[in-house]
Amino acid sequence: MDGLVLYIANKNYSSWSFRPWIALKAAGIDFEEVLIPFNDDASNPKFREISPTGKVPVLHHGSLQVWESLSIIEYVAELYPDAGIWPYDPADRAMARSISMEMLSGFRALRNVCPMNMRREKRRIETGADVMADVARITEIWRTMRQRSGGPFLFGAFSAADAMYAPVVNRLDVYDFDLDEETLTYMKAVQSHPAWVEWKAAALQESWIVPADEA
């Protein structure tokens, strides 16, 4: 079968592209990256040519198409079971999947009000109680998992769970939320990971502007 081809959008803005990209990159999985930038409305008709949903990310593996960030991560984890994409311990793996699903389905207030933006100058914006409730739950998850594992990441080594929360690390940083030291320590660990550094460096070189994602 042919190699893996991961289609993504702007590295500055595309949080859902970032998740499988950093998961695969951190695990040392070889893949080809194809970036198709957003239009002004954070879409692009070209996405329909490569994805059944008309959205990215989407993974091509030969004639197979796998869409949705978490499904892509799961598929590649099955291809490479020894790569450590998910924690090896069954209990850890179950919790990692649970909090990843919580990220997939929840925290909509934070995601809507504070879009991922790697180039954004750090400054606060007005947020409501629903956003702060999301932040409180996220930081509780991070604290609980790191206290259980000993860190530096949620389950010790970097895993798919950290990948699923990576865009939130950017959000909590650039929107300058008031955070405790333990949360900041975790965020620094993620931001220091070579895969994060590589993604951000590329994002900073992009010139595209998506007004809808400039909160």
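The model is predicted. Helix H6 spans residues 129-149, and helix H4 spans residues 90-105. The largest pocket holds about 690 Å³ of space. Two cis peptide bonds are described below, one from Val56 to Pro57 and one from Gly151 to Pro152.

**Helix H6**

- H6 has 21 residues. From first C-alpha to last it reaches 30 Å, close to the 30 Å expected at 1.5 Å a residue.
- Its buried residues are Val131, Asp134, Val135, Ile138, Thr139, Ile141, Trp142, Met145 and Arg146. They lie on the same side of H6, because they cover an arc of only 150 degrees around the axis.
- Ala129 and Gln147 are exposed, on the other side of H6.
- The cover over the buried residues of H6 includes helices H4 (90-105), H5 (108-113), H7 (160-174) and H8 (181-192).
- Gly150 follows H6 and has a positive phi, near 90 degrees.

**Helix H4**

- H4 has 16 residues, which should span 22 Å at 1.5 Å a residue. The end C-alpha atoms are 22 Å apart, so the two values agree.
- Asp92, Ala96, Ile99, Ser100 and Met103 are buried in H4. Their arc around the axis is only 105 degrees, which means that they sit on the same side of H4.
- The buried residues of H4 pack against H1, helix H3 (69-79), H5, H6 and H7.

**Largest pocket**

- The largest pocket is lined by 26 residues. Closest to its centre are Ser15, Trp16, Phe38, Lys55 and Val56.
- Helix H1 (15-26), H4 and H5 are the elements that each give two or more residues to this lining.
- By type, the lining residues divide into eleven nonpolar, eight polar and seven charged.
- Val56 links two topics: it is among the residues closest to the pocket centre, and a cis peptide bond joins it to Pro57.

**Asn170**

- Asn170 sits in helix H7. It counts as buried because its relative accessibility is 2%, below the 20% cut-off.
- Leaving out residues up to four places away in sequence, Asn170 touches Met116, Asn117, Met118 and Trp196.

**Backbone geometry**

- Most residues other than glycine have a negative phi, and most peptide bonds are trans. The next points list exceptions.
- The bond joining Val56 and Pro57 is cis, with omega about 10 degrees. Pro57 is in the loop between helix H2 (47-50) and strand S3 (58-61).
- The bond from Gly151 to Pro152 is cis, with omega near 5 degrees. Pro152 lies in the loop between H6 and H7.
- Phe107 is not a glycine, yet its phi is positive, about 60 degrees. Phe107 is in the loop between H4 and H5. At 8% relative accessibility, Phe107 counts as buried.
- Asp176 is also a residue other than glycine with a positive phi, near 55 degrees. Asp176 is in the loop between H7 and H8. At 27% relative accessibility, Asp176 counts as partly exposed.

Terms used. Residues are numbered from 1 along each chain as its sequence is written. This is a predicted model: local features need pLDDT of at least 70, side-chain atom pairs count only at pLDDT 80 or more; totals for chains, interfaces and linings use all residues. Side-chain values use heavy atoms; hydrogens and water are left out. Helices (H or I, at least four residues) and strands (E, at least two) are DSSP runs, numbered from the N terminus. The expected span of a helix is 1.5 Å times one less than its number of residues. Buried means under 20% relative accessible area, exposed over 50%, partly exposed in between (1.4 Å probe, protein chains only). The arc is that of the directions from the helix axis to the C-beta atoms. Contact means heavy atoms within 4.5 Å. On a 1 Å grid over the protein atoms alone, a cavity is a set of points where a 1.4 Å probe fits but cannot get out, and a pocket is an open set with protein on both sides within 12 Å along at least five of seven lines; lining residues have an atom within 4 Å of a point. Grid points are joined across faces, edges and corners, and a volume is the space filled by probe spheres set on the points. Ala, Val, Leu, Ile, Met, Phe, Trp, Tyr, Cys and Pro count as nonpolar, Asp, Glu, Lys and Arg as charged, and the others, Gly among them, as polar.
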